[in-house]
Amino acid sequence: MVVRVLFRAVIMGPPGSGKGTVSDRIRKTFELKHLSSGDILRANINAKTEIGLLMKSCIDQGQLVPDDIITRLILVELRNMGQSSWLLDGFPRTVRQAEALDDAYNINTVINLDVPFQTIKERLTSRWVHLPSGRVYNTSFNPPKITGLDDVTGEPLVQRDDDTPETVTKRLKAYETQTEPVLEYYRSKGVLEIFSGTETNKIWPHVHTFLSRKLAPGNHKAAGKA
């Protein structure tokens, strides 16, 4: 389906919620441009731009990157897209960022993927990696033939620090604390749509149906500001 009117959407969801997969399906199905704040931050850090160096300094010191810096970076990228329909992923993360985005664009829909934290913990803590080759195993649905060993070399598998139960729990709690006010902000504006489930392939049909209806002729307001 091709989007024929300007449509601007935000997708939210904790790490491991399947947000990347759903975003990719939305992009391909509805031909929206997909803007990931994480990709933009990494690109600026790798290119050693002025903002990239500033962000790296904050990260290295364990500090949060200031709201206005991230906001400025994202808004520049969105302006570069011109009169396009897009899906924004990973931004906004604070109410202040959401307000700045609203000042520049009318956000038509905010999609929130509501996946139980226990499901996410099981997904992430089941991942084991063979570091030399990058082969990834999942003890739930793609286990190695011999527990703890790589299928090809027989070398030991390791779990990334980000995927240990303790780290995953901390990440999920931090996400919840940070984003709950943003969800409330969009709920109060009447644009928040929540999709709950434990499997991406079961959540996706509901997202697809919702967006198909939302983008049907006559069911959509003009995007307005930009």
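Reader: Which residues lie nearest the centre of the largest pocket?

Author: Quick background: this is a predicted model, where local features need pLDDT of at least 70, side-chain atom pairs count only at pLDDT 80 or more, and totals for chains, interfaces and linings use all residues. Residues are numbered from 1 along each chain as its sequence is written, and side-chain values use heavy atoms, with hydrogens and water left out. A pocket here is an open set of points on a 1 Å grid over the protein atoms alone where a 1.4 Å probe fits, with protein on both sides within 12 Å along at least five of seven lines, and lining residues have an atom within 4 Å of a point. The largest pocket has 35 of them, and those nearest its centre are Ser37, Leu41, Gly90, Arg93 and Gln178.

Reader: Which helix gives the largest share of that lining?

Author: Helices (H or I, at least four residues) and strands (E, at least two) are DSSP runs, numbered from the N terminus. β1 (8-12), α2, α3, α4 and α7 (165-189) each supply at least two lining residues of the largest pocket. The largest share, 6 residues, comes from α7.

Reader: OK, and α2: why do its buried residues line one face of the helix?

Author: Buried means under 20% relative accessible area, with exposed over 50% and partly exposed in between (1.4 Å probe, protein chains only). In α2 (residues 37-47) the buried ones are Ser37, Ile40 and Asn44. Looking down the helix axis, and taking directions from that axis to the C-beta atoms, they line one face because they fall within an arc of 65°.

Reader: Is Tyr137 buried or exposed?

Author: Tyr137 lies in strand β6 (residues 135-138). Beyond its neighbours within four places in sequence, Tyr137 is in contact with residues including Arg127, Trp128 and Pro143. With 6% relative accessibility, Tyr137 counts as buried.

Reader: And how accessible is Thr21?

Author: Thr21 is found in helix α1 (residues 19-30). Thr21 is partly exposed, and its relative accessible area is 38%.

Key: Contact = heavy atoms within 4.5 Å.
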